[in-house]
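Let's take a walk through this one together. Have a look at the whole thing first, and then we'll pick out a few spots.

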Amino acid sequence: MTLQVERPPSSQEPKPHTVPHQRKWTDYFTFCTDHKVIGIQYLVTSFMFSFIGGAMAEVMRTELATPNPDVVQPEFYNQLMTLHGTIMLFLWIIPAGAAFANYLIPLMIGAEDMAFPRLNAVAFWMIPPGGLLLIVSLLIDAPQAGWTSYPPLSLVSGQWGEELWILSILTLGTSSILGGLNFLVTIWKMRMPDMDVYSMPLFCWSMLATALLVLIGTPVLAAALILLSFDLLAGTSFFNPAGGGDPIVYQHMFWFYSHPAVYIMVLPFFGVISEVLPVHARKPIFGYRAIAYSSLAIAFLGLIVWAHHMFTSGTPGWLRMFFMATTMIIAVPTGIKIFGWCATLWGGKINLNTPMLFGIGFISSFLIGGLTGVMVASVPFDIHVHDTYFIVGHFHYVLFGGGILGLYSGVYHWFPKMSGRMYNETLGKIHFALTFIGINLTFLPMHPLGMQGMNRRVALYDPKFQFLNILCTIGAYITAVSVLPFVVNMVWSVFKGKPAGRNPWRALTMEWQTTSPPAIENFDEEPILWAGPYDYGIDTQMLDEDQSVDELLAQASAEVN
């Protein structure tokens, strides 16, 4: 990619400069079709649910500080475990990825809105009722079968709790499908005329792959849950072994969606990191096309690895070998991304601000989750650690390291664009330090716990595991405390932060060409594709450090006109 100044088509003369229009604060509580409002609605709602799910995790970790169930009753522990997993996956990580996609995709491709604005608003407004169904179930008969809801356990552990859980997941899944369809059409059809697919930011590539996974995988989960609901309410026996049904079929259908769902959760944040690192290292992204294609490769391979979750479910040996091989192969495109990010940092002019710290923390944490993922892809090792705390540590490194650290990196990176103000850097670094220490102290000891045989999903354990569990609990408390400087920083900075200006990071992607926060129509002037999204340092004359991006845009616009 080289720096270039493209003349817009003659039919699209630049719009006259106007004073940007901004939304009222009340718009954020209404059915608004502006993609930026919907993006903020997604982001704030997902964080509110995360505080609820996080509080549940703290209660569970407090219980696990001692070997005996002496803080909460085992039945309530099972309910907390089920709701914690469901909330954090379906109401935090996935909606948070949709938040960035809603806010950024039209801005990054030079569009005024999403392809289907009303559908976009409908997709968001399905999230709050879906989440409330889960919360309300605590007052009635909360589900206890875990976030996987395996039959026959889910068929005997409480009918109405399971029904509420199924109804909630179906609502959230429908929202996800509507959102995925919108992202796909918007990226493919609404790019500005001069932007080909290889001029798109890598975040758009990652959302393209995510949308494909959502559209292919989610209907299969919906079918499994509808059949499970028939078993619960109508007495059918699709999955009930007492009536001749096969619960293993449910596992196949569940994991056909739920393993790709891991990539639905982390692929958006792969895209976020691909945007953050080049900007704050002042270097072009290394291997643009390799990183872009690796997102599609992860999406494809993610659809053919589901049965590695079922090595202990009577899977035939030859089938185990197939899924072991495909699961290990998926490490290749993931490794391409990690090598690309490391090569981008190598020799860069790195600014260790908060987005970059979370970005580097993301790479290191996800690397641990990825390497342990290769270990559990191996059939003999997986059989040894199946249903132990090794698995809990592994997927928390993947989802917290690969999802949440990426989420925080993106929040700090685009906070100036969303709010028009800068955040407090000191509070941001305190937030990072506490989070990084907390998650490693929480999840690292879980690996030796699992290797030694501590089962997951139970409140009672052998006293010999208590020391490592105390470390995990202390780490969980530190992680909880880390949220305080984040919340204070965000709230204070929205009202009192230093004005950010149009482009405080001197970034090159399209969203930084407009005002902060953007006007209702996104761009008060026709956006110009004046450079590749990662052309940092390629043309030293054009990218003189003493020259602001606003000046470069003015220069490019003058050349065009």
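Let's start with what covers the buried residues of helix H4: the list includes helix H1 (35-63), helix H2 (74-108), helix H3 (117-125) and helix H6 (159-189). Helices here are DSSP runs of H or I with at least four residues, numbered from the N terminus, and a contact means heavy atoms within 4.5 Å. Which residues of H4 are buried? They are Ile-127, Pro-128, Gly-130, Gly-131, Leu-134 and Ser-137. Buried means under 20% relative accessible area, exposed is over 50%, and partly exposed is in between (1.4 Å probe, protein chains only).

Before going on, a word on where this comes from. This is a predicted model, where local features need pLDDT of at least 70 and side-chain atom pairs count only at pLDDT 80 or more, while totals for chains, interfaces and linings use all residues. Residues are numbered from 1 along each chain as its sequence is written, and side-chain values use heavy atoms, with hydrogens and water left out.

The pLDDT (the predictor's confidence in each residue, from 0 to 100) averages 90 over the protein, and 92% of the residues score at least 70. Over residues 1-19, though, the pLDDT is below 50, and this stretch has 47 contacts in the model beyond near neighbours in sequence. Residues 540-546 are also below 50, with 16 such contacts.

Back to the helices. (The expected span is 1.5 Å times one less than the number of residues.) As for H3, its buried residues are Asn-120, Ala-121, Ala-123 and Phe-124. Seen down the axis of H3, they fall within an arc of 155°, so they line one face of the helix; the arc is that of the directions from the helix axis to the C-beta atoms. These buried residues pack against H1, H2, H4 and H6.

Now for the rings. The whole structure has 42 aromatic pairs: rings of Phe, Tyr and Trp (its six-membered ring) pair if their centres lie within 6.5 Å, with planes under 30 degrees apart counted as stacked, over 60 as edge-to-face and the rest as tilted. Phe-322 and Phe-323 make an edge-to-face pair, 5.1 Å centre to centre with 80° between the planes. Phe-322 is partly exposed at 42% relative accessibility, whereas Phe-323 is buried at 4%.

Notes
Helix = DSSP H or I, 4+ residues; strand = E, 2+ residues; numbered from the N terminus.
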